[in-house]
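Here are my notes on the fold, as numbered points. Please read them with the model open.

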Amino acid sequence: MYKGIRLRFVSVSEIVGSDDLALIILADEQRERQISIVCGRDMAVQLDMRVRKIPVTQRMLPEVLSSIISDRMHLCFYMLINGISDGQYDSVIVNDDTNDVIPIRVSDAVLLSVASDIPLYIDERLMRQQSVMYRNPSVEMKIPLPMNAMSIEMLDKAIERAINEENYEQASLLTEERNRRTSGLGK
């Protein structure tokens, strides 16, 4: 069965200028391409706990549920990022045996993948559209975020920042993306 391109968690970092948002970086297995996913600060803390291998995580919900599923049910799952709606990635958990699909918030899918080793994939076409060349996070701190992965609120802040920095070309591109989305809401 086709599952797409396997993604691996690379890092999570705060977004400069935002107290409540962070960026999750995922890369393909060859670390040639990467995508960025916006998440809340709470999710960033949860992911960081797993990266630092804090022992208490073994008693937290993602790890406990993963243990129950793998030890008692012998089911095989994977997760798939399969689209974008309203500037947010869409993702699902798929039962590989029955092909049953359950929607899941993409940041939760990443956390579950990190906590349990359930594989995380992205649709190949979506990866081509959304990914950028892989950048080592320890070398380069500025990580591009695709405009269509930004919420309306994030677009508004980015437009304001671009105008303040007198980057009118960027402000125009961001405004076009915002207008495209808001004009589609009324239809």
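**Notes on the predicted model**

1. Strand E4 (residues 77-85) and strand E5 (residues 88-95) are antiparallel partners, joined over eight bridges. Gly83 has Asp90 of E5 as its bridge partner. Strands here are DSSP E runs of at least two residues, helices are H or I runs of at least four, and both are numbered from the N terminus. Two strands pair if DSSP finds at least two bridges between them.

2. On provenance: this is a predicted model, where local features need pLDDT of at least 70, side-chain atom pairs count only at pLDDT 80 or more, and totals for chains, interfaces and linings use all residues. Residues are numbered from 1 along each chain as its sequence is written, and side-chain values use heavy atoms, with hydrogens and water left out.

3. The sheet is open and has eight strands, in the order E6-E5-E4-E7-E1-E2-E3-E8. Its pairing is mixed. E6 (101-103) and E8 (132-133) are the edge strands; each has a single partner strand, so one side of each lacks a neighbour in the sheet.

4. Helix H1 (residues 41-51) lies across E1 (5-14), E2 (21-28) and E3 (33-40). H1 runs at about 120° to E3. Such angles run from 0 to 180 degrees between N-to-C directions, with axes fitted to C-alpha atoms, for helices over the stretch in contact. Contact means heavy atoms within 4.5 Å.

5. How many residues of H3 (residues 106-116) are buried? Nine of its 11 are, among them Val106, Val110 and Leu112. Buried means under 20% relative accessible area, exposed over 50%, and partly exposed in between (1.4 Å probe, protein chains only). Just after H3, Asp117 has a positive phi of about 65°.

6. Glu63 deserves a look. Glu63 is in helix H2 (residues 61-73) and counts as buried because its relative accessibility is 7%. Beyond neighbours within four places in sequence, Glu63 contacts Arg50, Thr57, Gln58 and Ala115.

7. The largest nonpolar core has 27 residues. Such a core is a set of buried Ala, Val, Leu, Ile, Met, Phe, Trp, Tyr and Cys residues joined through side-chain atoms within 4.5 Å. H3 gives the largest share, five residues. Leu26, Ile35, Ile37 and Ile81 have the most contacts inside this core. Leaving aside neighbours within four places in sequence, Leu26 touches residues including Leu7, Phe9, Ile81 and Val110. A second, separate core of 11 residues includes Val38, Ala162, Ala171 and Leu174.
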